[in-house]
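User: I would like to learn how to read this model, feature by feature. Can we start with the chain contact and work inward?

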Amino acid sequence: MMHRMAGCLPLLTAIPLLASVPPSAWVPARWDGTNPKTLDLLSGTPINCLLLNTYTAEFIDRASARGVAVLAVLRPGGDPSDAARKAIHAGLQGIVLEGDFPRGAATRVRDALADAHATVVELTSRARMPLGDPDPIVATYQGVWPGIQVLDNGAAKAAPSGSPWIDTNTGFIRSVRAWGPAAVWLGYQPPANSVITIERYLAAISDAEMAGARWIVALDGDLSARLQRGDADAVKVWRAMAQVLQFFETHPEWRTLRSYGKLAVVQDKDDAMLSGGILDMIAAKHTPLRAIPGQRLTADSLAGASMAVNVDADALTVEQREILKSFARAGGTVLTAPPGWKGQSALAPDQITLDKAELDRLNDIWHDVQTMTGRKNLGARLFNVASMLSNVLATEDRGQVVVELVNYSAYPIENVTVQVVGTFRHARLITPGGAEKDLEVYTTDEGGTGVDIERVSACATVRLD
Amino acid sequence: MTRREWIALISAAPLLKGGPRAPGAPVAIARCASYDEDVTARLATMFDQLGGLDRLVRAKTVTIKLNLTGSPALRVDGRPPGVTHYVHPKLVGAAAHLLGRAGARRIRFVESAWATGGPLEDYLLDSGWNVRQLLAAAPGVEFENTNALGKGNKYARFKVPDNAYLFSAYDLNHAYEDTDVFVSMAKLKNHATCGVTLSMKNCFGMLPASIYGDDAGVDEPNENPKSGRSKTMHEGRRQPSKSAPSELDPASSREPGYRVSHIVADLVKSRPIDLAIIDGVESLAGGEGPWIKGVHRVQPGVLVAGLNPVSTDAVATAVMGYDPRAPRGAAPFQTCDNTMLLAERHGVGTADLRRIEVRGVSIAEAMYRYA
């Protein structure tokens, strides 16, 4: 013990400079190289946490002086405890364990750093995320690269009658956030050997932020190299990314709001961890929803909902089934998957999307969900938003509603209409760059509140009071 | 026909006589480079050139069939559908305003919205249209999705008067019957199946998918249609709901290039078009929508309007750089029958440019070659 304490004394002196920003408020980015001059790129951005593969004392000092937390990224292979101790001793504020380490490794690292109060972030596969644990940050290195799926011939993937399909992590994020208050980080990296446009980077940021998570900013090799050289086009991309990040990070209150949706989706954890499932399918229809892990189903979690989809009926306990029965007795509509229907059986570590067989099975209930929800306004109805996803949130008293919009296409969308349940007198459009303007509010045919938005570029938010 | 002969023909169009006996009517052409121009003024001039709207619409119900083909979610280069394959909402608003000013009692916009029986207003909003502005453009504006029964309580049966090609009659939404004046508002486009799609081909969209759709009920209409009409109408692989008349000759050709053009000619014979308006300000070439491989955006900067759909379409086809009397096998009818000639044979109107008086800008001045 004495030995351990002695070893930690230098660590204690190294940590406290950045104590004012809690880890849950860190805005992370992966950082290439250790040239301290690159830190100048952080000026005007909300990024305050860098993930480093290598580090130098000078870089750490300069970063700390700017109030930027630096974390060492460690990967499986050997005992990470020594490397972690060394990193903290060198002045880093925390460790990121990226990859699927042997069971117990993270605990050993935490024990080794216990007296240093260093932050340990487990950047694991989705299957191994420690949901519900008290860690301030829960993270995964896996994610789909957000955007409209494009076929080999360059066309958007869609049936002639359908909307383009948007790859998104939002359903997954909603599920993870339903487990607890931890900040959620997505550490997936840009696809290799691809030309990545500015719009795709903005979509990656917005996709996570809209759902209340953070994408660990990561640049493709080409962009990173050009940025470090000061290439004007690369700087332009970087500035645009910073602007969108700033847009979300200057509104931390949005993360604290609750879903305004009247539709609840009760789903087993393994199903909810996959992208492209029922949550994303409903979200693509812009039906506001709340994700409820079956394991966390309570009467309170259904408060304010009028419909519930029970995806994995067999997985619920007797008490949880009784909660749904009570919900139905109180006037709620419950759609239960067919008897014997079971979604994802066991989540493989490398699986983050539904395979075809699972999608086919999901169609069993998707048709019923569509029939049940129909044209009903379950919180909000949005129009001309086929290339967008949205999140409709409200304050506890439902006196303020926030509609977040993210555009996944390479083009601005003109003339978007939002019709929200409830009466609101004022609407304000908030867009990246700090621009805000009042929108005309009108009463819809259904007695709700409508607003028309002239144009949405990468993202925008409407706040209704 | 050589290029020189072709130019000579279209230049002499108003002067020559002859051709089939089907009726002709003047057609107006206007230049309009952009939707930011005063499209209301352009249309007003064209309507005046056609003899004025008042006598046509005063105190009457006017039904306007819009061309809003395909899901509004599908876009070309991410552009609003009004500048690619839908009629543009500014032009629609301008037409409503002018109809209202001319004394129309009721202006009903209709379309069989793709794969839905829901309200047309929702479909328009999904297309990025401002429905409230459109409602305010004139008194008595309303909307009807004619893809199913809609606000009516029964379908209206339109018989093809003589010598029907494919069907003896068609069951359509009540809106096509409950009207005094019928307007087809189309886009100046190529069409993968029919060569061109103009004011007549626009009327193929009158067919309710509830009866003629791929998921139509076998016996009775399916009032919640979720599909198009390919199997039933393009390819004839199934019959419409038995509540409607079935095909005259189930052994006839199943080729879409034959079927669709003949059906369209039947439709415009049974439900006459009183006014045809064709939006060629911005459009698509190479096909009718984003689902057709090889389509590209074009900016012909032209509007065409007329009181006879065959003549109007013939002039519009000539503006696109094609011979409106071209037979099957010649551009743009390489794999289909020429709908204009079929309609002409039905006696709907003449497609003979020599018998059509063009007012405003000449065909030669307005020409924008699609090929």
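**Reading the contact and the folds**

Analyst: Start where the chains meet. The contact takes 17 residues from chain A and 20 residues from chain B; two residues are in contact if their C-beta atoms, placed from the backbone, lie within 7 Å. On the side of chain A that touches chain B, strand β19 (residues 413–420) of chain A gives the most, with three residues. That side of chain A divides into seven nonpolar, seven polar and three charged residues. Here Ala, Val, Leu, Ile, Met, Phe, Trp, Tyr, Cys and Pro count as nonpolar, Asp, Glu, Lys and Arg as charged, and the others, Gly among them, as polar.

User: What should I know about the numbering and the model?

Analyst: This is a predicted model: local features need pLDDT of at least 70, side-chain atom pairs count only at pLDDT 80 or more, and totals for chains, interfaces and linings use all residues. Residues are numbered from 1 along each chain as its sequence is written, while chains are lettered from A and ligands numbered from 1 in the order in which they are written.

User: How many helices and strands are there in chain B?

Analyst: Helices (H or I, at least four residues) and strands (E, at least two) are DSSP runs, numbered from the N terminus. Chain B has 12 helices and 14 strands. Its radius of gyration is 19 Å, close to the 21 Å that the globule rule gives for 371 residues, so chain B is as compact as a globular protein of that length. The radius is taken over C-alpha atoms, and the rule is 2.2 Å times the number of residues to the power 0.38.

User: Which residues are buried in α8(A)?

Analyst: A residue is buried if 20 or more other C-beta atoms lie within 10 Å of its own, exposed if 12 or fewer, and partly exposed in between. In α8(A), the buried residues are A:W238, A:M241, A:A242, A:V244, A:L245, A:F247 and A:F248. Their cover includes α6 (198–210), α7 (221–229) and β24 (459–464) of chain A.

User: Which strands does β1(B) join through bridges?

Analyst: Two strands pair if DSSP finds at least two bridges between them. Five bridges join β1(B) to β13 (residues 302–306) of chain B, running antiparallel. There, B:V27 has B:G306 as its bridge partner. Three bridges join β1(B) to β14 (residues 358–360) of chain B, running parallel. In β14(B), B:G360 is the bridge partner of B:I29. Four of the five residues of β1 (residues 27–31) of chain B are buried.
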